[in-house]
Amino acid sequence: MNNRTNSILRAAQRMLLTISALLFSVASFAQTETGWLTNPNHPPVKTRFVLTGQMNPADKTVEGFLEVELSGDWKTYWRSPGEGGIAPSINWDKSTNLNNVDWHWPHPEHYSLLGINTLGYKGDVVIPMTLHVDDFNQPVFIDAKLTLSSCTTICVLTDYPLSLSFTPNELTVSEQAMYIHAQAISMVPKPSPLISDQQAKWDKRTNQLEVTLNKSLGWQKPDVIIDSSAEAISDYSYKLKKVNVEGDTLTAIFEVSTWLGDIDLTEQSVNITIKDTDFIAEQTAPVTIGVISNISADLSLIEMIGFAVLGGLILNVMPCVLPVLGMKLSGVIAAQGLERRKIRLQFLASSAGILTSFWLLAAFLLILKLTGSAIGWGIQFQSPWFIGFMVMVTALFGANMLGLFEIRLSSGTNTWLASKGDNSYGGHYLQGMFATLLATPCSAPFLGTAVAFALAASALDMIAIFTALAIGMALPWIIVALFPGLASYLPKPGAWMNKVKLLFGVMMLITSGWLVYLLANHLPIFWIVVIVAMTFVWILARIKQVYGNKALAITGSASLGLLAGGLILGSVTADHWSTPLPQDLAWKPLSNEAIANSVAQGKTVFVNVTADWCVTCKANKIGVILQDPVYSALQHSNVVPIQGDWTHPDGMVTDYLRANGRFGVPFNIVYGPNAPEGIPLPVILTSDSVMSALKSASGEGSE
């Protein structure tokens, strides 16, 4: 019995030892990785920290890696994120028996958003790491915090706690982890014996950096990335401007920029990361100071400033701004009889208002650009609050010019203003500001090109372009300010001025009506009708109070006559003009998938990105798209019309415009078997340009 009992006890002990060993093994395995970490506030991203079990007792190092999985279009950043973004970082301060950690960064991809160039990763990225421990025989306790920036059109900064404990000399190798680690290490650029004579020359005059290096086997399609090797200058970004290959020598010129302070590369060094066909490498080169003699004159900014000035000048005769010309004309006429100094100051005040509005628009767009929000020329017309504000402003200006109301100040205020002599300058200043705000949905070819360049350029270039736009629009005012005597050539003031004032007042109210039409995209039609009806009744009431019953009768009769005449004419000629324009095309909603599928089927795709508030879009549609021969061509069975509506904020449409380097509407492009990348069309369409693109994309033009 005792022997049997002892046998049972020994068996139980062996079982307990086996279970303990298994539990210890599981515990040991669990301590080699954190497991997947997620944040409920940001589910598109998950991450984990893993030890491979590889170690080097002589160097007291342990190998591991950080793995990040990003869904969809989310991306994170390289060690030097470029012109935007934040590189991943880990705070190890609370860890024990850990000296430092080396990051080994795989080669990044290039991403561009709104002209901001960044470097980073999408999908699944593994960043190998080497942990340096103090005592290889003692436990290492990792208590760290990973801070990870992930972005699409917005950016999210998320923290993840990393907790792990292990004894280095007791680790066992995980084949799966080692395989993942090896794959990632193979993508990490390292110094190559094939690269020699690497040099970096900084031209202080232009803040350009010229990099040259030789590759013994020659170059095919090199991609060169520069980042600072010193932490002190890590805020610098390097934008590639030009690459030239001659034999085994590669020369690349970068533009150096920073948001903080001046640029100084003296006694610094840079990392040169190169990716070519089946080849990646990274070399370090000290920076020398010199003159880069082969920099070609970059006239693009100068050309765009010229386009901007011309585009701003054109805005003065665009239909969005035309009603404001009434206020301008009133100001010119009122200027007669004033001394030259006052005329000059009035016109300079209007110019200052235009300049202020363009600067405010530039600042607003720059903020959106830096925060990764939607950005484009005219996007303020997507906001019902902005449209409502402009309705109120134009209606008040129109009613004031019609004499339906006037703002009266107290006698004391009038006396103070009269003593200052500047009581009219504020009005001229506001005229300039409101003219600018109304101008944005009117896009001329020169203006569209300049604005697209500005939105894709640096902050300083953007400010320069918008300043040029303002100068162009304010040019007539500036000319009068420089030569006040021009006012003397205008007609003399008289009773006719009141009639002209009434005409421009009506024009301003028509502008209010157009803005109310845009507001109908945001409010129920019932409330639009109520607002219009109440406004019309108020106008009639004010006409009666200001001009009497006779004016009320004339206005009311004219309004009813126009309404009745329109209805009668419509009913009599309904068969002839019930559809003055042909029925709209059967547009398909914009999607990259629909474009790709149609082209794959051998079809031609015509894409029209438009908005209800875009006057040029309307002109293109009425004057070209809905007219033959374009209309008939777009109805062909082999042509697919696709439309993106930017009337309201739409992320899909915004991303599509950005991907094509555009920042406003209208935008038209044609795809086809012979043009899978697309043939962009001019801002203002013509039948010839559309038909030519359709033929080229379909392949008809090559037959």
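These are my notebook entries on what I looked up in this predicted model.

**Ground rules.** I took local features only where pLDDT is at least 70 and side-chain atom pairs only at pLDDT 80 or more, while totals for chains, interfaces and linings use all residues of the predicted model. I numbered residues from 1 along each chain as its sequence is written, and for side-chain values I used heavy atoms, leaving out hydrogens and water.

**Entry: the five-stranded sheet.** I looked up an open sheet of five strands and read its order as S19-S21-S20-S22-S23, with mixed pairing. At its edges I find strand S19 (588–589) and strand S23 (675–680), each of which pairs on one side only. For these names I rely on DSSP runs numbered from the N terminus, with helices (H or I) of at least four residues and strands (E) of at least two; I call two strands paired if DSSP finds at least two bridges between them. S19 pairs with strand S21 (residues 639–645) in the parallel sense, over two bridges, and I note that Lys588 has Ile642 of S21 as its bridge partner.

I then asked which helix lies across strands of this sheet. I found helix H15 (residues 592–600), which lies across strand S20 (604–610), S21, strand S22 (667–672) and S23, and which runs at about 160 degrees to S20. The axes behind that angle are lines fitted to C-alpha atoms, for helices over the stretch in contact, and angles run from 0 to 180 degrees between N-to-C directions.

My search of the whole structure for disulfides (cysteine sulfur atoms within 2.5 Å) returned one. The disulfide joins Cys151 to Cys155, with 2.0 Å from S to S, and the link is right-handed, with 115 degrees about the S-S bond. Cys151 is buried at 0%, whereas Cys155 is partly exposed at 46%.

**Entry: Tyr160.** I placed Tyr160 in strand S11 and noted that it counts as buried, at 2% relative accessibility. Tyr160 and Lys145 are 15 residues apart in sequence, yet their C-alpha atoms are 5.7 Å apart in space. Leaving aside residues up to four places away in sequence, I list among the residues that Tyr160 touches Leu37, Thr38, Val45, Ala144 and Leu148, where contact means heavy atoms within 4.5 Å.

**Entry: salt bridges.** I searched the whole structure for salt bridges (a side-chain nitrogen of Lys or Arg within 4 Å of a carboxyl oxygen of Asp or Glu) and found 11. One of them joins the side chains of Asp227 and Arg79, at 2.9 Å from N to O. This pair links distant parts of the chain, with Asp227 in strand S14 (residues 223–228) and Arg79 in strand S4 (residues 75–82), 148 residues apart. Asp227 counts as buried at 3% relative accessibility, whereas Arg79 counts as partly exposed at 24%.

I next noted the salt bridge of Lys621 and Asp584, at 2.8 Å from N to O. Lys621 lies in helix H16 (residues 615–625) and Asp584 in the loop between helix H14 (574–577) and S19, so the pair ties together parts that are 37 residues apart in sequence. Lys621 is partly exposed at 23%, and Asp584 counts as partly exposed at 34%. I also recorded one network, in which salt bridges that share partners join Glu33, Arg48 and Glu67.

**Entry: Asn214.** I found Asn214 in strand S13 (residues 208–215). Its side chain makes a polar contact of 2.7 Å with that of Thr249; the term covers N or O atoms within 3.5 Å, where within protein one must be able to donate a hydrogen and the other to accept it, and residues adjacent in sequence count only if both atoms are side-chain atoms. Not counting residues up to four places away in sequence, the residues that Asn214 touches include Leu194, Ser196, Trp219 and Asp248.

Technical notes. Buried < 20%, exposed > 50% of the residue type's maximum accessible area, 1.4 Å probe, protein only.
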